[in-house]
Structure formats: C-alpha cells, structure tokens
Amino acid sequence: MPLYRYLPAKAPCKLCGDGFEHRQSAQDPALASCPTCGQTVSRVMPQPVNTPKITAPLSISRAKQAGFSVLKRTSNGDFEKQ
Ligand SMILES: [Zn+2]
C-alpha cells in the first residue's frame, strides 16, 4: 500500500507538526481530517520519482572540442590518440 503524506490546513500543528504520513490503499478515499488532532488535512499527491535525464553521450568531435583526448583502442590492445 502506498504511503500518503497529509498536510494539516493550519500547519504547523501542535500534535502532528507539518503533516503526517498515512499508509492506505490507493482505492481508499483520502482522509478528511487528522486522526490525531481532527483538523482538516489535505493529501499531498505523491511526487513522481525523479529520474535523471539521460544525456546523449558526447560525440568524439565534441569531446575533442571540450579538450578531452579521445583514445582509440588499437588492434594490439593499446590505446592511441585519435
Ligand atoms: Zn494534527
């Protein structure tokens, strides 16, 4: 079951602070009031997990422009500058 975060209408609350987490089924209706203090709460929509953007690998010419030496594997297993 997902864990939902609730924020009290008047934060910070003396009893539940700046919110609380409540584990409930995704089908269950959101809590309307804080089970601790009874004041109105609103459910915070769960944030999607931040996935880092996959950047395209630098091309060899871009790497050279950026000052990297680009090494190329030769047939005998050594590396040489391109
Ligand atoms: Zn409270």
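A residue counts as buried when its relative accessible area is under 20%, and as exposed when that area is over 50%, with partly exposed in between. In this predicted model, C16 has a relative accessible area of 12% and is therefore buried. C34, at 3% relative accessibility, is likewise buried. C37 stands at 30%, so this cysteine counts as partly exposed.

Two of these cysteines belong to the metal site. The zinc ion is coordinated by the SG atoms of C13, C16 and C37, at 2.1 to 2.5 Å. Along the sequence, these donor residues follow the spacing C-x2-C-x20-C. C16 sits in the loop that joins β1 (3-8) to β2 (20-23), while C37 sits in the loop from β2 to β3 (41-44), so the pair ties together parts 21 residues apart in sequence. The structure contains zero disulfides.

The packing of the interior comes next. In soluble globular proteins, nonpolar side chains tend to be buried together. Here the largest nonpolar core is made of seven residues: Y4, Y6, C13, C16, F20, C34 and V41.

Terms used. Residues numbered from 1 in each chain as written. Predicted model: local features only at pLDDT ≥ 70, side-chain atom pairs only at ≥ 80, totals over all residues. Heavy atoms only, no water. Disulfide = S-S within 2.5 Å. Buried < 20%, exposed > 50% of the residue type's maximum accessible area, 1.4 Å probe, protein only. Donors = N, O, S within 2.8 Å, 3.2 Å for Na, K, Ca; no water. Helix = DSSP H or I, 4+ residues; strand = E, 2+ residues; numbered from the N terminus. Core = buried A, V, L, I, M, F, W, Y, C linked by side-chain atoms within 4.5 Å.
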